[in-house]
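Open the structure in your viewer and keep the selection panel at hand. The stops below are meant to be taken in order.

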Amino acid sequence: MKFTLSTKPFIDGLNLAIVNSNISKFYQKSCLAQVTADKTSLKVNLEASYIASEIRLKGVGDEYTSCSIFVDSLLLKQLVSTIDSPTLTLEFAEGGLILHSGKSKFTLPKMIDDMEIELTPPSYLSSTEDGVQINKANWKFVKDYQMYAVAMSFIHPVYTKVWVGENNDVVVGDFDNSIFTHSKKSQLSKNCLLSDTIINLFNSLPEGAKLYKLDKSYIILVVTDGYEFCSEFTPQYESDEGVGSYNSEIILGMMIPDENNAIHIKSSSINKFLNQALLLSNNSEDTIKFEVKFDQLSLIDNNIDCKVSGIDSKSEYCVEFKTSLLKSVISNMDEDDIQICPMYQDDVAVGIVIWTNNLTTILAGVD
C-alpha cells in the first residue's frame, strides 16, 4: 500500500508527538512508532512512560484496506524532518516503511511484527467543550527551576515523581538529600503524582493546547489545519498500590518563610563563592558552613572563607551543607533577589528556607 500526504504537517506532527527526552531503552515502547494508513488518513501511535499519544493526518491511500508497521520513532522523526519536497509518499513494504520524496526514496526498517507488541491509543474524547488552555509558562517554570531537585534514587520511589495538589501546589524534591522545592504552578486541580515524562510533554506543546480531565487521566488536544494531536497521560495517586505517601502536608508545613528572621541577599553573590569552593574541592561529599550573623553571610570550608553582605536579618545561626547541594539550590532560584531564613528543630538551626515571589526551597543541613 502507498499513502501520500503533505510533508510540512507530517514534520510538525512528529516534532510535537515524539519527545526526544521521553525515549528510553528502559521503556521499549517509547522507541517505537506505529504508522497506520487507510484510504483517507494516516495515524502515528506513540507511547512513553505514563503517556499514550496519537497524531492524525489527511492524505490519499491507493487501497481501501488498512496497513500498519512499527518503525524506530526517533529515526522516523529525524528522517522526515530532512525531506523538503512538498508531498511525501509512504510505501508499506514487507521489510520496512519506504519514504518516496521526488525521485528519491529512503527505507526505514521494520522493527517488530504487529503481533509481538501493542501500543495503547489515547482514550476517545466525547466532547471538546470543557477544555482548559495549558499554561506553558507555568510548566516551563517547573522544568527550569524545580526538576533539578527530583530524586534519582529509587530508595523512596515516590520522590522520583512530581507532587501536584488541588490548590495548584507543585512540590519536587528528594527525601534522601533533604531538598524540596515548591511553586503554585499546577492547573490539574487534584492531588496526584506526575512523572518526568509528563513534565517533558507539557514543555513540548505548542501554544493553544487544551487539557481535558477524565476520571483517572487527562487528555491533551491540539488541532491544526494540517494535523490533530491527542495525548493521554495518567498520573499516579498516593492511594495506588505500592506508591506510598509523598508527605506533602509535612513538607509544605516546613516551607513557611519567616520574614522576621530573613536575610535579603543576591543569589549571584553566593553562587560566585560556591563555584570557587567547588573549584577547589577534591571530593563530591565536601561540606561548607553557612553562617549568618545579622546582615552578613559567611561561607567557610577548608579552602575558602568568604563574606556576602545582605540586609534586614535579625538572626544568628550556622548550618553545614553539602557544597554541591547548596550550589544546586542557589543556582536554580528563579530570581537574583532572594530571602533566606533558618529552619529550627528544638531551637537548633537544622536547615534553611530560601524563597522568591514564585519559588520556595528548603534544604536541610548535614548531620
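This is a predicted model: local features need pLDDT of at least 70, side-chain atom pairs count only at pLDDT 80 or more; totals for chains, interfaces and linings use all residues.

Residues are numbered from 1 along each chain as its sequence is written, and side-chain values use heavy atoms, without hydrogens and water.

**The sheet.** Select the open sheet of 8 strands, whose order is S14-S11-S12-S13-S25-S24-S23-S18 with antiparallel pairing. Strands are DSSP runs of E, at least two residues long, and helices are runs of H or I, at least four, numbered from the N terminus; strands pair if DSSP finds at least two bridges between them. Colour S14 (192-194) and S18 (263-266): these stand at the edges with a single partner strand each, so one side of each has no neighbour in the sheet. From one strand to the next the twist averages 25° (axes are lines fitted to C-alpha atoms, for helices over the stretch in contact; angles run from 0 to 180 degrees between N-to-C directions).

Now select S11 (residues 162-164), which pairs with S14 in the antiparallel sense over 3 bridges. Val162 is opposite Leu194 in S14.

**The cysteines.** How many disulfides does a search of the whole structure find? It finds 0, a disulfide being a pair of cysteine sulfur atoms within 2.5 Å. Cys341 is buried at 1% relative accessible area, whereas Cys67 is partly exposed at 21% (buried is under 20%, exposed over 50%, partly exposed in between, with a 1.4 Å probe and protein chains only).
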